[in-house]
Amino acid sequence: MAIPWTPALAIGVPEIDHQHQELFLRIERLVQGVSRGNAADIERLLEFLSQYVVKHFGAEERWMLRSAYPDYTRHKAEHERFIRDYEHMTREFREKGPNVLAGIRINNWIAEWLRQHISRSDMELGRFLATKVASGDLDGP
Ligand SMILES: [Fe+2]
Ligand SMILES: [Fe+2]
């Protein structure tokens, strides 16, 4: 079972929080697709996730650049690492054919990565942006 998005994961930037919720929702659907063994569903979701994640990381990175975020390089490197690992995992999954175990492995990996990345790196960014807004250096997110 994928871990759902909870308000504890809110970083306080509506655009980003909405995207995080969307990501968790799609992972949930991926879990369902895998348990039904529907290869076309799974393929569609994997493709959606790969594009959506790039869009989402891009949105966060724009906030970082706009606010001169000091930890930009490290945070961006985490995003790039995820994209590499995701591509590696899904390639393996496609080559071997969709099977439940591999599907569950991907689900768990994505959900766990997201939960950890949001609660550390994204949360840190959210706090930084809030400080910038409070000091009048940045228009409110
Ligand atoms: Fe994020
Ligand atoms: Fe991030």
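A: What follows goes through the helices and their contacts pair by pair.

This is a predicted model, in which local features need pLDDT of at least 70, side-chain atom pairs count only at pLDDT 80 or more, and totals for chains, interfaces and linings use all residues. Residues are numbered from 1 along each chain as its sequence is written, while chains are lettered from A and ligands numbered from 1 in the order in which they are written.

Helices here are DSSP runs of H or I with at least four residues, strands are runs of E with at least two, and both are numbered from the N terminus. Helix H1 covers residues 14–36. It has 23 residues, and its first and last C-alpha atoms are 33 Å apart, close to the 33 Å expected at 1.5 Å a residue. The expected span is 1.5 Å times one less than the number of residues in the helix.

The buried residues of H1 are Ile16, His20, Phe24, Ile27, Leu30, Gly33 and Val34. A residue counts as buried if 20 or more other C-beta atoms lie within 10 Å of its own, as exposed if 12 or fewer do, and as partly exposed in between, with C-beta atoms placed from the backbone. H2 and H4 are among the elements that cover these buried residues. Valine 31 is also in H1; it is partly exposed, because 19 other C-beta atoms lie within 10 Å. In sequence, valine 31 is 75 residues away from isoleucine 106, yet their C-alpha atoms are 9.3 Å apart in space. Just after H1, glycine 37 has a positive phi of about 70°.

The pairing of H1 with H2 comes next. Their axes are 10 Å apart and the packing angle is about 165°. Axes are lines fitted to C-alpha atoms, for helices over the stretch in contact, and angles run from 0 to 180 degrees between N-to-C directions. H1 and H2 are therefore roughly antiparallel; angles over 145 degrees get that label, those under 35 count as roughly parallel, 65 to 115 as roughly perpendicular, and the rest as oblique. Their crossing is left-handed, a term used when the near helix is turned anticlockwise from the far one by less than a right angle, with clockwise giving right-handed.

On the H1 side, the residues that meet H2 are Glu15, Ile16, Gln19, Glu22, Leu23, Arg26, Arg29, Leu30, Gly33 and Val34. The H2 side supplies Asp41, Ile42, Leu45, Phe48, Leu49, Tyr52, His56, Ala59 and Glu60. Two residues are in contact if their C-beta atoms, placed from the backbone, lie within 7 Å. By class, the contact of H1 with H2 has ten nonpolar, three polar and six charged residues. Nonpolar covers Ala, Val, Leu, Ile, Met, Phe, Trp, Tyr, Cys and Pro, charged covers Asp, Glu, Lys and Arg, and the others, Gly among them, are polar.

H2 (residues 39–66) also packs against H4 (residues 100–134), at about 15° and with the axes 13 Å apart. H2 and H4 are therefore roughly parallel, and their crossing is left-handed. Ile42, Glu60, Trp63 and Met64 of H2 make this contact with Gly103, Asp122, Leu125 and Leu129 of H4. Five nonpolar, one polar and two charged residues take part in the contact of H2 with H4.

The loop between H2 and H3 holds alanine 68. This residue has a positive phi of about 50° although it is not a glycine. Alanine 68 counts as exposed, because it has 11 C-beta neighbours inside 10 Å.

Helix H3 spans residues 72–96. Its 25 residues should span 36 Å at 1.5 Å a residue, and the 36 Å between its end C-alpha atoms agrees. Histidine 79 is in H3 and is partly exposed, with 18 C-beta neighbours inside 10 Å. Histidine 79 and valine 54 are 25 residues apart in sequence, while their C-alpha atoms are 8.6 Å apart. Aspartate 85, also in H3, is partly exposed with 13 other C-beta atoms within 10 Å. After the end of H3, glycine 97 takes a positive phi of about 85°.

H3 packs against H4 at an angle of about 175°, with the axes 11 Å apart. That makes H3 roughly antiparallel to H4. His75, Glu78, Phe82, Met89, Phe93 and Lys96 of H3 meet Ala102, Ile106, Trp109, Trp113, His117, Ser121 and Leu125 of H4. The contact of H3 with H4 divides into eight nonpolar, three polar and two charged residues.
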